[in-house]
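Please look at the sequence and the model first, then read the points by topic.

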Amino acid sequence: MAFDFDMIKSVYARMPERIAAARKVLGRPMTLAEKILYAHLYENPVKQVFERGKSYVDFAPDRVAMQDATAQMALLQFMTAGRDKVAVPSTVHCDHLIQARVGAKEDLAEAMGKNKEVYDFLASVSNKYGIGFWKPGAGIIHQVVLENYAFPGGMMIGTDSHTPNAGGLGMIAIGVGGADAVDVMAGMPWELKMPKLIGVKLTGKMSGWTSAKDVILKVAGILTVKGGTDAIIEYFGEGAETLSCTGKGTICNMGAEVGATTSIFAYDDKMKAYLEATGRADVAAEAEKVKEHLRPDPEVYANPEKFYDQIIEINLSELEPHINGPFTPDLAWPLSKFSQAVKENNWPARLEVGLIGSCTNSSYEDLTRAASVAKQAVDKKLKVRAEFTITPGSEQVRYTAERDGLLDVFDKIGGKVLANACGPCIGQWSRHIDDPNRKNSIITSFNRNFKARNDGYASTHAFVASPEIVTAFAIAGDLTFNPITDTLTNENGEQVKLDEPQGMELPPKGFAVEDAGYVPPAEDGSKVEVIVSPTSERLQLLQPFPAWEGTDLKGLKLLIKVKGKCTTDHISMAGPWLKYRGHLDNISNNLLIGAVNAFNGETNKVKNQLTGQYDEVPKVQRAYKAAGIGSIVVGDENYGEGSSREHAAMEPRHLGVRAILVKSFARIHETNLKKQGMLALTFENPADYDKIQEDDTIDILGLTTFTEGVPLTIVLHHKDGSKEEIKAKHSYNAQQIEWFKAGSALNLMGKK
C-alpha cells in the first residue's frame with residue numbers, strides 16, 4: 001500500500017463535491033489547476049470567486065516535504081508550537097549537505113561524519129513528531145517525492161524551490177519557506193496569492209534527439225526568468241499525453257526557472273503506469289475513479305484562450321534539442337544554432353565537464369537514453385574528451401540502473417557516479433581545476449546555471465541541456481559539435497556518427513532496491529528525545545520570543561537605514577552561512593551585512609549610537625540588545641524580495657530589532673515578519689524616508705490601541721533636540737495583531 005493511502009482516498013472522496021461547488025460559484029468550466037486549488041481551500045465550500053493575481057487565499061495542503069538545509073529551522077520552530085504530532089503527513093530528506101568530491105561512497109561517508117549532529121537531530125525530531133525520515137544517500141527530495149508521495153489532484157508544499165517536480169504526477173506542488181511549512185504542519189492555513197494561469201498546448205510527438213527537457217528549455221526562452229511569476233503553468237494537448245510521467249516531472253521541475261508558482265500536467269495513462277511501476281497501483285485505481293476531476297473540463301480543451309491568461313503552443317514534432325546558457329537558464333539556443341552562438345560570443349568551445357542527473361533529469365528513462373549514447377562511445381571506439389559525472393536521483397533509481405548494467409556503461413567511458421544527492425547542482429561540488437580564474441565551459445542536465453552556481457567559479461560558463469545531449473557533448477569534448485549532423489574521429493582514425501538515443505520509460509524488470517533509505521517515525525513519540533547538544537555550533541533549540549510588553553515602544557535606536565535593493569540575501573546571506581541554518585544565534589551574525597547604509601554608501605558599517613563608533617551591523621545590534629535597548633530598521637522599496645527565507649525575519653527578532661519601517665515590502669517577507677512577532681510598517685508618505693537621520697531615537701505610538709486599518713504614529717527624536725511625527729501604515733488583520741501581542745504566531749498557537 002502507498003504511503004498515507006487513507007489521506008489520498010479522503011482527498012478523492014471530497015473532490016467531486018468541492019469542484020461542483022466551485023464550478024457553480026465560478027459559473028463556468030474549470031482548468032485542472034483551478035479544480036485542485038478550489039478543492040483545497042482551507043474553508044469549504046467556496047463562497048466567492050478569487051481574482052487571479054490579486055486575491056490572497058488560505059489553503060489546506062495535503063502534505064509537506066523538507067530538505068535537510070531548510071528543515072532544521074522549520075522543525076526547531078515547530079517544536080515550540082505545542083503539538084505532539086504534525087497535522088499533515090510530512091517528510092524530511094537529507095540531500096543538500098553532501099559535497100561531491102571523490103565519488104558516491106567516499107562522499108557519503110565524509111558527509112555522515114561532518115554533518116552527524118544535524119542528521120541526528122533531524123532523525124530524532126522526525127521520530128518524535130510523526131515525520132517520515134529519508135537518510136543521507138536515499139535520494140534527492142523531489143525524485144523521492146515523485147516515487148513515493150506525489151499523487152494526481154493533490155496539493156503539497158515543500159521547502160525547496162523545485163518542489164513543482166511533483167506536477168509530473170498531476171499534483172499542485174509549491175516551493176515555500178520554512179515558516180510556511182511550520183504553519184501547515186501545525187494545522188494553520190497557508191496563504192497564497194491566487195495564481196494566474198499560463199496554458200501550454202503541446203501538439204505532435206517527439207523523436208530522435210529531442211526530449212522532455214527541450215520543452216521546458218524552449219518555454220524558458222519564451223517566458224524568460226520572470227515570465228511565469230505568480231502563475232501556474234498548465235500543460236495540455238495531445239502532445240502532453242505522449243510524454244512519460246518522469247518527463248513531465250522534468251518540465252515541471254524547471255518551471256521554477258521562469259518564476260512560476262508551479263507547473264502541472266493532467267492525469268493520463270502515463271501517470272497511471274508510473275504509479276503502478278512504483279508500487280502504487282492502489283493510488284492509480286482510486287485516481288481512475290475520479291479521473292474526470294483530475295483533468296481540465298472538455299470546454300477548456302476546446303477553447304483554451306477563454307480560460308488561461310496566456311497561451312503558448314509548441315509542436316513536439318518540430319521541436320529541436322535546446323542548449324540554454326551561459327549564466328542564465330532562459331538564454332535558449334536550438335541545437336542547430338548553438339555552434340554559431342558559441343563562436344560568435346567567444347565562449348570556450350572546449351568542454352571540460354559534462355554532468356547528468358540531479359532532481360531534474362535522473363529518471364530511469366533519462367539514464368537509459370544517456371547510456372545508449374555512452375555505449376556508442378565504447379562500440380565505436382570513441383575516446384571521451386571531457387570529465388563525465390552521473391548523479392542518480394534516488395537509491396531506487398541507482399540500484400535499478402546498476403542491476404540493469406547502465407552504471408557499468410558509464411563506467412566504461414570514465415563516468416563517475418556521485419552520491420544520490422544534490423551535489424554540483426546546488427554548488428556542493430569540490431571541483432578540481434588548474435586555474436579557477438580561467439574561462440571554461442561545463443554542461444549539465446540540471447536546472448540552474450547562474451554564475452558560480454555549480455562550482456563557485458564566476459569564470460565557468462555553464463550550459464543546460466538534456467542528459468543525452470550532455471553525454472554526446474562530453475564524448476566530443478566540443479560545444480560546437482552537433483550530434484545530429486557531425487561526425488567524430490575514433491581511435492582508428494575513422495569518421496563515425498552517433499545514432500539517435502534510445503530509452504525506456506520504465507525498467508522492463510521493474511524497479512528494485514535493497515534499502516530505499518526510509519525510516520518511519522515512532523508510533524508514540526512522547527518518550528523520544530530530540531538530540532541537540534547544548535555546545536553545538538550548528539544547532540540551537542529555540543526559546544519562544546517574548547510577548548509584547550503591552551506599551552508603546554519608546555527609545556528605539558536606528559540600526560540601519562537601508563538604501564536601494566535589500567533582498568533576503570542581503571538580510572541573511574547564504575553561502576558559507578548555510579551550515580548555521582539550524583543555529584539562530586550563530587547565523588544572526590550575518591544580519592543585514594549585505595545591505596547598503598544610506599548614510600555612507602557602505603555595507604556592514606553602521607554607527608553605534610552608544611559609542612559614536614562605526615562597526616558591523618550584527619555587532620552594533622548585539623550592543624543594543626545587551627543594553628536592553630530596542631531598535632528599528634528603515635528600508636527602501638520592495639524590502640525582503642527573494643526566497644521566503646524565515647531567517648531574514650527571525651534574525652532581527654532574535655537580536656532585539658522591534659520594527660521594520662520601509663517604503664514597501666515584498667509580501668512574503670512582510671508576512672514572515674508578522675509571524676515572528678515583528679512590527680512590519682510602511683511609510684504613509686514614502687517621502688518621509690528622507691526624514692530619518694543617522695542618530696535618531698524613535699518612538700512607535702498607538703500600539704495600546706493597535707487596530708486593523710489604523711496607522712501608527714512614529715516620533716523621530718533628532719540629535720539636535722528637535723522631533724518630527726510621521727504616520728506608518730500596516731496591513732495587520734485581527735489575527736495577525738494577536739500574533740504580535742503573543743510574541744509570534746507559534747506563541748499564540750502554543751497558548752491555544
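**The largest cavity**

Q77, T80, L542, Q543, P544, F545, M650, Q676, S744, L746 and N747 line the largest cavity. The model is predicted: local features need pLDDT of at least 70 and side-chain atom pairs count only at pLDDT 80 or more, while totals for chains, interfaces and linings use all residues. Residues are numbered from 1 along each chain as its sequence is written, and side-chain values use heavy atoms, with hydrogens and water left out.

- The volume of the largest cavity is about 90 Å³, and the structure holds nine cavities of 30 Å³ or more.
- The lining of the largest cavity has five nonpolar residues, six polar and no charged.
- Ala, Val, Leu, Ile, Met, Phe, Trp, Tyr, Cys and Pro count as nonpolar, Asp, Glu, Lys and Arg as charged, and the others, Gly among them, as polar.
- On a 1 Å grid over the protein atoms alone, a cavity is a set of points where a 1.4 Å probe fits but cannot get out; a pocket is an open set with protein on both sides within 12 Å along at least five of seven lines, and lining residues have an atom within 4 Å of a point.
- Grid points are joined across faces, edges and corners, and a volume is the space filled by probe spheres set on the points.

**The second largest pocket**

- This pocket has a volume of about 430 Å³.
- Its lining is made of 26 residues, and M206, T210, E365, R369 and E505 lie nearest its centre.
- Two or more lining residues come from each of α8 (212–223), α10 (245–253), α15 (364–379) and α18 (467–476); helices (H or I, at least four residues) and strands (E, at least two) are DSSP runs, numbered from the N terminus.
- α15 gives the largest share of the lining, three residues.
- By type, the lining of the second largest pocket divides into six nonpolar, 11 polar and nine charged residues.

**Buried elements**

- Helix α7 (residues 178–185) is largely enclosed by the rest of the structure, because eight of its eight residues are buried (buried means under 20% relative accessible area, exposed over 50%, partly exposed in between, with a 1.4 Å probe and protein chains only).
- After α7 comes G187, whose phi is positive, near 90 degrees.
- Strand β17 (residues 440–444) has five of five residues buried, so it is largely enclosed by the rest of the structure.
- In β17, N440, I442 and T444 are buried on one side, and S441 and I443 on the other.
- In a regular strand the side chains alternate between the two faces of the sheet.

**Strand pairing and the barrel**

- Strand β14 (residues 351–357) runs parallel to β17 and is joined to it by four bridges; strands pair if DSSP finds at least two bridges between them.
- L355 has T444 in β17 as its bridge partner.
- β17 also pairs with strand β18 (residues 460–464) in the parallel sense, over five bridges, and I443 has F463 in β18 as its bridge partner.
- Seven strands close into a barrel in the order β22-β25-β26-β27-β30-β29-β28, with mixed pairing.

**An exposed loop residue**

- D84 lies in the loop between α3 (68–78) and β3 (90–93), and D84 counts as exposed because its relative accessibility is 71%.
- Not counting residues up to four places away in sequence, D84 touches K128 and Y129 (contact means heavy atoms within 4.5 Å).
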